[in-house]
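The sequence and structure come first, and the text follows.

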Amino acid sequence: MFRLMAKDLAKRFGARKLFSALNFELTTGDSLAVIGPNGSGKSTLIMTLLGLQRPTKGSITFAEGDTELDDATRRRLVSFVSPYLNLYDQLTAEENLKFFITVSGGHVTGKQINKVLQQVGLEGRGVDPVAEFSSGMKQRLKYALALLSNPAYLFLDEPTSNLDREGKKIAVQLVEQLRAESILIIATNEEEEYQLATAQYRLGQ
Amino acid sequence: MPPRSTGLDSKALAVYAKDMRLELRSRYALNAILMFAITTLAVVSFSLGQSGLSPKLLSALFWIVIFFSAMSGLAHVFVREEETGTALALRLMADPDPVYIGKLAFNFSLLTTMAVVVTPLFFIFTDAPAEHIISFLPVLALGVIGLSGATTLVAAIISRASVKGALFAVLSFPILMPLLIALVAATEKVFGGSGLGEALAELQFLFAYAVVMITASLLLFKFVWQD
Amino acid sequence: MWWKILLFVGMTAMIIASYVTPAPQQQIGESSRIFYHHIPQAWICVLAFATSMVYSIRYLRSRRIEFDDRAVETARLGFVFCLLATVTGSIFARIAWGSFWNWDPRETSVFVLLLIYGAYFALRGAVQEPDRRAALSGVYSIFAFVTVPFLIFVLPRIVPSLHPDDSIVDSSMEFTMGPSVRVIFFASLALYTVLYFWMLNLSGRIGRLVRVREDLES
């Protein structure tokens, strides 16, 4: 059972307060939607939870049962899908997947890669450089990466942006598939997306 | 959870292989560094004439050419990650240690390639004593290790600054000062024909410098990478 | 308050004494009096930069931005004293050794220290986000400091030093200065040190006030 805890979390840029006194505890199977208008700090909150930005105050804990996860384990168990997460344009889709899984401490076979590429509707495109992909295909590739890393923590920022109708359907399907075994955090403005989550946190009031 | 986890060595190797692959597909850093080295070398040779240069002058010229060429290309391995926005994904999924080791190995390979091309050209262009080229190799190797070892962390620092420009050379030069002084002294002895035995103290110094700078970089890198 | 008066009286007395007592070095004569200021300035320069590095380490360990403020403040003071020591040293070098700059090992070390902290301030100017600026410049100042022992080791092997080894202590570690010279020199050293800590304290208080004002505005 994995847990994610935020205690008295606050972030501000100079005089601008994005969020403060944020407390929550999530365990595997839980999901949280972060909603709010543009510029309300949804992405900043996600980045802070991911450890990529330092909170002004408070703490974030990743734990398995009662033992806190070390940084290396956390990196292996966390997955993130977002339009502003860039993959290597000059590498092929397969090379990207293989690189990120290896570097996060996992192991992957060609067969597994083909399987997830098929799941996201990119079969046969594995050998093409990502530079030739449209933004929607790139977004699908990020879902393939999330699937491969089999995350205990899944963070989604604007999960269906750039996706066509078909892509949206695949994304929702994948999220439904992964959510039972992970902690899901979604930052979004789309009603259909935040209804995927069991709890909501509203920013920017 | 993934079936098994991999260690530091295979993660570092993955970073190194990834950067080599990117470099082979664009050849940006290698072209920059080689063109810079060959151009400065040609200017030096053209303006000073080919023969009659003292070992002191030759050794200083050689390391000035290497220093500035290194400055033109070694920061690329980190700057590229920031410019293409891939640093975010890498930072999210990779531990700092394998990232540093992989990038250090990449910079070392880049400098080695440059040294392999530039050293023979230098001996041709300047009429440096070619009979000493064998005893020069250990000095060159230690110089390449020291240069890449001390500047990879600086490259990581400047890639996170909003204005990069000349910052890489400005930050690197004071740190490389002891290295360059020892390299010039050792090279002068070798070119002067006194053999490697005479330059033993400098070689030990170069080795110690590389070990200390790489260790310090490993300890400090996470503070640069994670903020 | 009392120590500020003491510092004022002490400084005044030390400066007067440094001019009315016989010159510390007979061969060089009157201009050797610069030694009463040059060495304490060089000492403060080293002390200030070392303090800056310690604050940088404390910042990286605690992530408290105050430590970064202190690191910059003492680095600024170090830079000023470093320039003073360079100028006084250069004037003395012209008189004693014939030219303003000789690439003597200590001149070279001071030059490299100026380069390091010049680069440090350039780096700070190039990073906008305060936490990142603090972390990057802190790492740089620690990393650069690691190279200083190498510099001190390698330089004398390349260029022999012009600086006297026995101006304070000779090789048998005995004082070679006359009693009056010794009193004025150590008084100057102590007074400069107190002056440095006072300046550091003042800039620290200003820095804290600036932080308070920022907090109030936000």
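Helices here are DSSP runs of H or I with at least four residues, strands are DSSP runs of E with at least two, and both are numbered from the N terminus. The model is predicted.

**Chain B**

On that basis, chain B contains ten helices and zero strands. Its pattern along the sequence reads α-α-α-α-α-α-α-α-α-α. Chain B has a radius of gyration of 18 Å, close to the 17 Å given by the globule rule for 227 residues, so it is as compact as a globular protein of that length. The C-alpha trace of chain B spans about 65 × 35 × 30 Å along its principal axes.

Of the 227 residues in chain B, 51% count as buried. Among contacts within chain B that link residues at least 6 apart in sequence, 85% are between residues at least 24 apart.

Where chains B and C meet, 26 residues of chain C are in contact with 25 residues of chain B. On the chain C side, the elements that give two or more residues are helix 4 (105–125) and helix 5 (130–158) of chain C. Helix 5 of chain C makes the largest contribution to that side, with 16 residues.

The contact between chains A and B takes 26 residues from chain A and 27 residues from chain B. On the chain A side, helix 2 (71–77), strand 6 (78–81) and helix 3 (93–103) of chain A each supply at least two residues.

**The largest nonpolar core**

In soluble globular proteins, nonpolar side chains tend to be buried together. In this model, the largest nonpolar core has 186 residues, and those with the most contacts inside it are Ala144(A), Phe155(A), Ile157(B), Val224(B) and Leu123(C). Helix 8 (residues 167–191) of chain B gives the largest share of this core, 15 residues.

Which residues does Ile157(B) contact, leaving aside its neighbours within four places in sequence? Within chain B, they are Leu171(B) and Val224(B). From chain C, they are Leu136(C), Val139(C) and Tyr140(C). Val224(B) is also one of the residues with the most contacts inside the core.

Methods:
Residues are numbered from 1 along each chain as its sequence is written. Chains are lettered from A and ligands numbered from 1 in the order in which they are written. This is a predicted model: local features need pLDDT of at least 70, side-chain atom pairs count only at pLDDT 80 or more; totals for chains, interfaces and linings use all residues. The radius of gyration is taken over C-alpha atoms; the globule rule is 2.2 Å times the number of residues to the power 0.38. A residue is buried if 20 or more other C-beta atoms lie within 10 Å of its own, exposed if 12 or fewer, and partly exposed in between; C-beta atoms are placed from the backbone. Two residues are in contact if their C-beta atoms, placed from the backbone, lie within 7 Å. A nonpolar core is a set of buried Ala, Val, Leu, Ile, Met, Phe, Trp, Tyr and Cys residues joined through C-beta atoms within 7 Å.
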